[in-house]
Amino acid sequence: MTIDFTIEDDGPLYAAAKKVYPQRVWGTYRRIKWIVLWIALGVYYILPFIRWNRGPNEPGQAVLVDMAHSRFYFFFIELWPQEVYYFTGLLILAALILFLSNALFGRVWCGYACPQTVWTDLFLFVERRIEGDRRDRIKLDEAPWTADKIKKRVMKHAAWLLIALFTGGAAVLYFEDAPTLLKQLLTFQAPFVAVLWMGILTFTTYSLAGHMREQVCLYMCPWPRIQAALTDTDALNVTYRADRGEPRMSVKEAAKIRSHGEAAGDCIDCMQCVAVCPTGVDIRNGSQLGCIQCGLCIDACDAVMAKVHRPTRLIAYDTDENLARRKRGEQNVYRLVRPRTILYAALIAVTGCVMLYALLSRSSMNMSVLHVRAPLFTPTVEGGVRNGYTLRFSNETGEARDFTLSVAGLDGARMTSVVARPLANGSLTVHIEPDTTLETPVYVATPPDVTPGKSTPITFTATDAHTGERKSVVDHFFAP
Amino acid sequence: MSTDPVQVDKISGQTTTGHEWDGIRELNTPLPRWWLWLFYLTIAFAVVYWVLYPAWPLVTGATPGLLGHTNRARVADDLAASQAARMQQAAGLEKASLAEIEADPKLLELALAQGKAAFGDNCAPCHGSGGQGQYGYPNLTAGRWLWGGTLDQIDTTITHGIRADDPDTHTSAMPAFGKDGILKPEQIKQVENYVRTLAKLDPEPGVDVAAGKKIFADNCAVCHGEDGKGNVEMGAPNLTTKIWLYGSDIKDLTNTITYARNSTMPAWGKRLDPVTIKALTLYVHSLGGGT
């Protein structure tokens, strides 16, 4: 298994990454990647500027993470800190969609939509415009430092930093009113924390998309590892059709063999698929961790196949199952509907419906009741028993509201509060300012000389005096 | 380190580290360069940290570090900062009168929160965490007030205390009727049984309650009132309710009348700032304040 040999020098402590020089490519998948790239970047830069009218007391930005007031706004949705669990649902949904897309089309997320892919593509585009294509860049790297090389390098890094700055700049716009913050940034009056985060994200964008690139996918990202465990033989992956391509040989040799009526492989070993690969892998070695399945090798190979007058799609979206079937001389079978995809789709539907229901049935008011524990009950001077409760009302709308509080379940119960005001019918009324909560101590007392049982269930009901929206909470009334 | 020769693994084509366990050789898969640099960076960071911050343990303490950082000083700074922030909020409480604060929901919310904290720090040891009191220490939630339950009365009581070291403190003294020989034990028995009837409690059988009523009118009514409803001006408790600071049993009553109680409360005006007292007043009033 092993060959023994001794080396004097242990070598460096690190393995120098082999620099990848992806070559320019044209074709279907390249076009799809450009479209996805411009849509993704467009959404990223335009979203913070979209306005959404929520009334006079609330921010008018469609998507806003308001840290100072602990609110999250997304178009018609406004989340309070206690509703952060909605994000759990969103994360579950995102994971399931990733699983489903993986079961159907392999790593489409990695290849087309992942921010690492989008920004790396953008940075590569800039690099290619300034330093030229693959060969020019390899040459430039090896060339001595001339004025031209320095000029090109300065231009490239300046352009990268500028894009990175815009990336970081757009990110902070999601956390403040975008037009205001943009004006502050342009006039150097932005708050320090905004500038700090802009700086951090500028640095991460510049280093991740400019310098680390495929290393992020290879070393930092957990998804390739998870993906490897989730895939199956029916998933469509970017595949080298080895059954058609092997044995590799030159065009001339293949022509010679074919003229004898024998079978020859279509792969001419031109290495174009490796040259265009943004992660520098050889797809002909099969599905592998480094392959983000962007399909650029398909475009490259198709161009070569057209030139040598062989059918295209020697590299294509195909399944392991079909590879095996063709080897056995059977027909291709594409099974998009199978237990795995049905399960994922069903889970997505269930999670989505639960979340939609939760969002739609969400109340714009809330009341929590906490029984005062010390003392659990107290005698009143009139000879009755009194219990204390701490109520907290939330008004999750942009208008001030009046809630009427009533209590049921205890005969002749009388409510008092220093915060809420009494009404003629024995109820209390409490005024809640827009988009705020109010803690309200409320006491419930029995009539003079009445002592109820040890524990009596009682129901607090808050009703919006205007809309009639109501919320009821059951608690208990304790007595000696 | 094993001295085994470095080898090339045939299958993967990688060199081995020369380490071997039970015939299994470890492949040499070095770190990426940037990773190694990050590792060196953390070492450099640690060295800088040792110089700037307290780091290496010595016999008593540790190397101080150039920045002179201590956690204790940081906590002190944080406390000072939070105190300053609190004072800023408290400015609103300082200007407004008690009635004005009670009428303003935002100020009231602030006062109640601040009052609750101050109550826990200063009052809870005697009056209980929720103001429920205990034997000898008044229950503040029951709506019965020895010295009055309005905002101003509560404010006065907290500021100046009861029988405290303060010129404006509440003073009054119930005579020790038994100890000082004002009433005979027999008379005390009669009057305490009469007092129990005021609170609709049963008197002991065979005791002359009518005689007790006469004794009450002669000795007690001047402070506790003809009807026994008390007088907040003198801190004389209302005797007609079921709430008894020192108990309503015959034994307790005998003790109270024979020796008198005259308990005390400190004058908090000397210990707490005016804003805290304001907040405390509003909080205590919210527990069951009367008029």
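Predicted model: local features only at pLDDT ≥ 70, side-chain atom pairs only at ≥ 80, totals over all residues.
**Ground rules.** Local features need pLDDT of at least 70 and side-chain atom pairs count only at pLDDT 80 or more, while totals for chains, interfaces and linings use all residues. Residues are numbered from 1 along each chain as its sequence is written, and chains are lettered from A and ligands numbered from 1 in the order in which they are written.

**Chain A, overall.** I looked up the secondary structure and found 16 helices and 17 strands; these are DSSP runs numbered from the N terminus, helices being H or I with at least four residues and strands E with at least two. Chain A is more spread out than a compact globule, because its radius of gyration (over C-alpha atoms) is 33 Å, well over the 23 Å that the globule rule gives for 480 residues. That rule is 2.2 Å times the number of residues to the power 0.38. Along the principal axes, the C-alpha atoms of chain A fill a box of roughly 115 × 60 × 55 Å.

Chain B puts in 31 residues and chain A 29. On the chain B side, strand E1 (7-9), strand E4 (31-32), helix H1 (33-52) and helix H4 (105-122) each supply at least two residues.

Strand E2 (residues 14-15) of chain A runs parallel to E4(B), joined by 2 bridges; DSSP must find at least two for strands to pair. I checked Tyr14(A), and its bridge partner in E4(B) is Leu31(B).

Note on methods
Contact = placed C-beta atoms within 7 Å.
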